[in-house]
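Student: Please pick one part of this model and look at it closely. I would like one connected account that ends with its wider setting.

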Number of protein chains: 4
Amino acid sequence: MPDTPPPATTADAPAPLRYAFFGPVGTFSEAALRTVVPDAPAEAMASVDATIEAVRTGRADVGCVPIENSVEGGVPATLDGLAAGEPLVVVAEVVLRVSFVLAVRPGTALADVRTVSTHSHAYAQVRRWLHAQVPGAAYVPATSTAAAAEALALELSDGVPAGFDAAICAPFAAQRFGLDVLAERIEDREGAQTRFVLLSRPGTGPAPAPTGDDKTSLVVFLREERPGALVEALEQFVTRGINLTRIESRPAGDALGRYCFSIDCDGHVGDARVGEALMGLHRVCEQVRFVGSYPRSDGGHAAPGNGPSAEAFAAAQAWLDRVRAGAAG
Amino acid sequence: MPDTPPPATTADAPAPLRYAFFGPVGTFSEAALRTVVPDAPAEAMASVDATIEAVRTGRADVGCVPIENSVEGGVPATLDGLAAGEPLVVVAEVVLRVSFVLAVRPGTALADVRTVSTHSHAYAQVRRWLHAQVPGAAYVPATSTAAAAEALALELSDGVPAGFDAAICAPFAAQRFGLDVLAERIEDREGAQTRFVLLSRPGTGPAPAPTGDDKTSLVVFLREERPGALVEALEQFVTRGINLTRIESRPAGDALGRYCFSIDCDGHVGDARVGEALMGLHRVCEQVRFVGSYPRSDGGHAAPGNGPSAEAFAAAQAWLDRVRAGAAG
Amino acid sequence: MPDTPPPATTADAPAPLRYAFFGPVGTFSEAALRTVVPDAPAEAMASVDATIEAVRTGRADVGCVPIENSVEGGVPATLDGLAAGEPLVVVAEVVLRVSFVLAVRPGTALADVRTVSTHSHAYAQVRRWLHAQVPGAAYVPATSTAAAAEALALELSDGVPAGFDAAICAPFAAQRFGLDVLAERIEDREGAQTRFVLLSRPGTGPAPAPTGDDKTSLVVFLREERPGALVEALEQFVTRGINLTRIESRPAGDALGRYCFSIDCDGHVGDARVGEALMGLHRVCEQVRFVGSYPRSDGGHAAPGNGPSAEAFAAAQAWLDRVRAGAAG
Amino acid sequence: MPDTPPPATTADAPAPLRYAFFGPVGTFSEAALRTVVPDAPAEAMASVDATIEAVRTGRADVGCVPIENSVEGGVPATLDGLAAGEPLVVVAEVVLRVSFVLAVRPGTALADVRTVSTHSHAYAQVRRWLHAQVPGAAYVPATSTAAAAEALALELSDGVPAGFDAAICAPFAAQRFGLDVLAERIEDREGAQTRFVLLSRPGTGPAPAPTGDDKTSLVVFLREERPGALVEALEQFVTRGINLTRIESRPAGDALGRYCFSIDCDGHVGDARVGEALMGLHRVCEQVRFVGSYPRSDGGHAAPGNGPSAEAFAAAQAWLDRVRAGAAG
C-alpha cells in the first residue's frame, strides 16, 4: 500500500480533491481510504451505488468502495457500477485484512457484556469466538459494524442509549469513535482480506503512471455465445504472456446466459504488451471497457510469467521498425 | 421445465423422497420446487446454507435453492456450497421469471393501501411502480417477500396485526396464503429470471439420463497461477466443440487471488464429448468436481455449436477401434 | 501476375538492375522472369544455389528461382537458401502453369519423330501422351528441358547433330529457340503449377509497397521442442486473423528432429496485423527471418478471413491511443 | 535400433515375409533393412515408388525406403506414397548415420586413384575431402553410390572395366561387394542422418505392440483454408500433451495452396492420449490417415513433455467411470 497519495490525488490542481466512501463513518471502506489520504475531508455515502453515483455526478472526485472479499467473492454493486453507466477508472487499490474487535464504552469489562451488536455478516464471522468468550450474550442487529460502534459513542457523548453493551467492528472504527477494545482479532477464520478500489472520472487527475508493478482492470463483453468465444478473448492475454489476477463473470442484460467479464491483469496500459492485448480484445469483442491501470497494492507481485519480457517487446518493435525500413530481418 | 418429476425423484424407491427448499414458505424457491413436485411434503429451511446442509445430513433427499439471477448474478452461498464440503449433484434446474404482485387481505382496495411491506431487494425492484401507483405509501421492511405475505395471512386467520396493508411478493405466495392480488407484474424492469437447482447426494436416486438437451455443472480448481492456465482448462471444452453456458469465478481460499470456477456446459456426462472434456480437465487441473448432468430447462437450447456432431464423435471412436484392431486407417 | 515490373525493379536507380535465373536459357525460370522484365539482360545460372549466390555476391540484383510445385512440393534449394546465409528478400512472385510441347526443327513432321529428349522429370509427366501419339519413340535423357530444345536449335544453326528428333520443353523454350511446335499441352496430368520468386538483397531497391492483396514470407525457428511450441507460434497468426498460405518444415541442423518452418501468410509487413504477428513471433521464437512482402500473383485472393478487418485494427489503435491519453475507454 | 526383428516380421506365419528395398543392392536402404533382418532374402527395387508399389501389390510384404534426411529434408516419393493410394503402415523405423568411404579393388593404393565415381549427391558431400586428399582425381557420375561400388566389384569378378579407380559409397556397400576401404568418414559435414521406414500392408502381420517409447505417423488433410484450421488440428496434440517430432506439408492436389501434413508424434495408437488425439483429428479434419505406430529408434527419446502422464490419463478415465456410475466426483 502506498504511504503517499496515489498520482490521481497529488495533481497540483487549484482545488483539493473531494472524497467519498461507502459509509457510514468508521467502516472498512473509510479505513481503506485513510491509508491513502489520512486527513482529507471525505463524505460517507449510504451505499456502494451512492458512492459511485457521487463520483459520476461530480459531488466527489474520488470514491472508495470494496470490490472483492477473499471469502465472499466479488461485490456485485461495484462490479456492475464499473461495467455500465458513465465510464469510471480505478486510480488505486487498497487491500485490508478483515479483522474485528470487541469494542465497548470506556469502563465496560468483558464480564459486563450481556448484549452485542454488529452487522449480520460480521456476526456470522465471530460467532464461535462469542460463544466461547461471551457465552450468554444476546445479539442485536445493526445496519453496519460502524453503526454499532457509533451508537456506543453516541451513548457516551449524548446519553442516547445504544441498547447494547458492546459492538463488533473494525479496529479503525473503535479508534475513530473513542471506544475501548476488550479483544481483537476475534474473527473465527483468520486471514480474510477485502480489496478496495478508489474510483475517479477519467481525466479528473493525471492517470497513475507505470511503476513496473501495476494492474489493469477491464470489462469485456463477448461478441457471441459459442464454444471458444471466451477462449479467443483470453488468448489475447496468453499470446502476450500476461497473467490474469481476477476474472469474474457478471450478468450482462435481463436474461440468463449473457455475461460480461470483469478482469484484472498484470501490467499497465502504457506497457507494450498490455496495449497490444487491449487492442486485440477491442478487435474480437463486442465491447471492452478500460477501467484503469494503477499500482499493485495487494501484497502479491506480478506473476513470474513465462511470457516474453518487456525487453523482448521492445526488441521486437525495434526489429519490426528495421524490417519495415527495408533492412535485413 | 419438465411437467413430470425429474428422474431422481421418480425412482420406485420404497420410501418417498423428502424435499427441502430455501424458505420461508411461499418464496420463489418453493415456487420453483413446486413446478417439479406439486404436492410432495417439503420443508422450508432458514437459508441456502441450511438447505444444502439438510441434504448433506440426509434430513432431506432433494433441496431447492437459487443459483443465479439475471440481474444480481450468482448466488454465493449456493456456488460455494457446491464447491466445497461433501459432494452434491444437481439433478434438475428450474428457471422462473421474477415477477411481483401487490397482495392484500381480501377486501382491501388500492386506495386503502397506506403501508407496504416486502424484502428490501424486492422493494428496490418495484419502487418506481409504487411511486406512480401508491404515491404516499410508507415502506415496512420484512425478512422475505413471503414473510410479508404470511404476516397478512396471519392477521386474517389469527387476528395478529401485520402492521401494514399490503405485501409485495411472488404470485405464488399470494395464492399460497389466500391473499387478493391488486396488481401484478409490478416490477420496474421486466424479464428478470432466477435459476434454481435441485440438489441431491450422489447416488440418492438414479442420475438423470441423457435427453439430448442437457447441461453439466462442474467446479474447476486450476493448478497454478500463470498466463494460460485458465485458457488451457477452457481449451478442453473448445477442442471438443462444447459450449459454456455459465462461468463464474469464486474465491478458493482465504487470500485474494486464488479462484475456482463454477462452470455449466452443454451436454451430459454420458456424452462422448463431455466425458472426454471432463477427463481432459481432470488431467490438467488441480481438482475437478462433477456437480451433475441434468435436462436443460432454462428456455434456451444448446448452442448450435460449430463443433463436431455426436455422430462425428461416434464415427471417430469407430475409426479408432478399427485402426487399433489393425485395419487400414 | 503484374503486367508492369514490380516496384523493386522500377527504381529510378542510375544503373539498370542485373538479373539472373535458374538456367539454362529457355527454362521455366526464365519464362517466369520474362513475365516481369521481358527484355532486360539476364544471366542463366547453373543451379538454384548458383542463382541465389549470384544475388548474394552482387553479381546480380534480382534472381528468379522456383520455390514450389503443385505436384512435387517445395524446392529444397530455394527454401534452404532463404533460411540460411546472408538475408535475401522476395520482391515478387510469378506462378506459371507447367505445360509441355513437342518441339522440332522446322520441317520435321510427327511421323518423322523416332527419338525424343527432355529432362527425366518432364519425361515422367508426358509418358502416357508419348506412348499414345509417338508409340515407338526412344528416349534420350537431357540435363534440362531447355537443354534439349537448345540442342535442336544448335543442330539447326551450327550443324552439330542433336542426336534426337524432338524435344519436350516449355512453350517458352520452343519459341526462344525458333523451333516448331508439333503438339502442345502434352502433359498427362493437367493443371500443375510452379511458383517462382524473384529474390533481391534487402535495400537493393525500394521494397514492394502494400497493394491491398499481398503476401509475406518468413522463416521461423522454434525455441524448443515441446508440445505446443509450434502451436504457440502459429497462434500469433490466428490471434490476428491472418491466413497462412503455405507452411513447410525444413531440417534445421545436422541431426533429425530439428526443423525450421518456411511460411507464407496473407498481408504486407506494413499492415498493422502482420506487423503485430511478426513482433509476436519475434518474442516467442528462437529466430524469425523476414523474407519479404510482395504483391500476390498466384491467381488466388486473400482468404475471406474470419479475422478482424484492417478498419478494426485501426479502430483498436485509435481507441488505445485515446485510453492512454486519459480519455474514457 | 532393435537388435531383434520388429513384431511385424516375427509373426509365426507359415510363409516367411518377403522384403524389398529401394535399391540397388548396397544402398543405404539395404543397409537399413539389414539392421532389422540381416539375412532374409530381399529384392532391390528401382525406385522408392517401385518399392512402395511392390508392397501394395503383394510382391513384397515389407519394403524399406528413406523418409527423411537431416540435410535434404523429407523424401517426397515416400511421403506422397504414404499419403495417397492403398493404405500402408510403418512397422519400424531405422536411423542411419550417413557416412561415406573411399572403396577400391583390393590392391589399389590411394596414390593410384586418378578417377572416382559415385552419385552426384554423394559427390557433393565429399568434395572438400577429395580436393584435399586426392587432389587431381576426375569425377565419373554414377546412378547410385552402390552402383559405383558394384562396378568395381564386377571388374574384379568378370573383368568388365569399371572405367574408374575408386567408388565413394556406404561402408555397407564396400563390405557387401568385397572392396577395400582406403578411407572412411570422408564426408565434409559430419553427423548427417537418414531415417528409413519399413512399410507393410495393414494386417500383414501383427501391428507393433506398445513399448513405452513409440512413435505414431499420420497424414492429415485439413477441412478448409482459414486462419486457425492448422492450429485447430495441432491443438488436438497440445491439449493431450503430445509432442510432434516431425511435421511436413505436402501438396494435396494439382493446384498450389492445398496441402496435407505428414506428421510424426510421440506415443502409440494404443495409448489413451494418442487414441484421443486421433479421434479429435478425425472429427475436425477432412481426412486422417493412420500410418502406423512403431518403436522409436531414432536415437532420441520421447520429449519429457509438460503434458499429463499416462497415469494421469488412466486416473482421469477411472474418475470418469466412477462419475458416470453415479459416484461422487
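Tutor: Chain D is superposed on chain B by a rotation of 180° with 0.0 Å of shift along its axis, at an RMSD of 0.1 Å. Of the contact residues of chain D, 100% recur in chain B, and the same surface serves both copies. Copies are superposed by least squares on the C-alpha atoms of residues with pLDDT of at least 70 in both, and contact means heavy atoms within 4.5 Å. This is a predicted model, in which local features need pLDDT of at least 70 and side-chain atom pairs count only at pLDDT 80 or more, while totals for chains, interfaces and linings use all residues. Residues are numbered from 1 along each chain as its sequence is written, chains are lettered from A and ligands numbered from 1 in the order in which they are written, and side-chain values use heavy atoms, with hydrogens and water left out.

The part to look at is the meeting of helix 9 (residues 272-284) of chain B with helix 9 (residues 272-284) of chain D. Two packed helices are described by the angle between their axes and the distance between the axes. Here the two axes come within 13 Å and cross at roughly 135°. The axes are lines fitted to C-alpha atoms, for helices over the stretch in contact, and angles run from 0 to 180 degrees between N-to-C directions. Helices (H or I, at least four residues) and strands (E, at least two) are DSSP runs, numbered from the N terminus.

The two copies of helix 9, in chain B and chain D, are therefore oblique to each other. Angles under 35 degrees count as roughly parallel, over 145 as roughly antiparallel, 65 to 115 as roughly perpendicular and the rest as oblique.

An α-helix has 3.6 residues a turn, so residues three or four places apart point the same way.

Now the other chains. Chain B superposes on chain A by a rotation of 180° with 0.0 Å of shift along its axis, with an RMSD of 0.1 Å. That is the relation of a two-fold axis. These copies meet through the same surface, because 100% of the interface residues of chain B are also interface residues in chain A. Chain B and chain C are joined by no contact, and their closest C-alpha atoms lie 11 Å apart. Nor does any contact join chain A and chain D, where the closest C-alpha atoms lie 11 Å apart.

Most residues other than glycine have a negative phi, and most peptide bonds are trans. The peptide bond from B:Gly23 to B:Pro24 is cis, with omega near 5°, and B:Pro24 sits in the loop between strand 1 (19-22) and helix 2 (28-36) of chain B. B:Arg185 has a positive phi, near 55°, and is not a glycine. B:Arg185 lies in the loop between strand 10 (180-184) and strand 11 (193-200) of chain B. B:Arg185 counts as exposed, at 55% relative accessibility; buried means under 20% relative accessible area, exposed over 50%, and partly exposed in between (1.4 Å probe, protein chains only).

In chain C, C:Arg185 has a phi near 50°, again a positive value in a residue other than glycine, and counts as exposed at 55% relative accessibility.

Of the 329 residues in chain A, 57% are buried. Among the contacts in chain A with a separation of 6 or more, 76% are between residues 24 or more positions apart.
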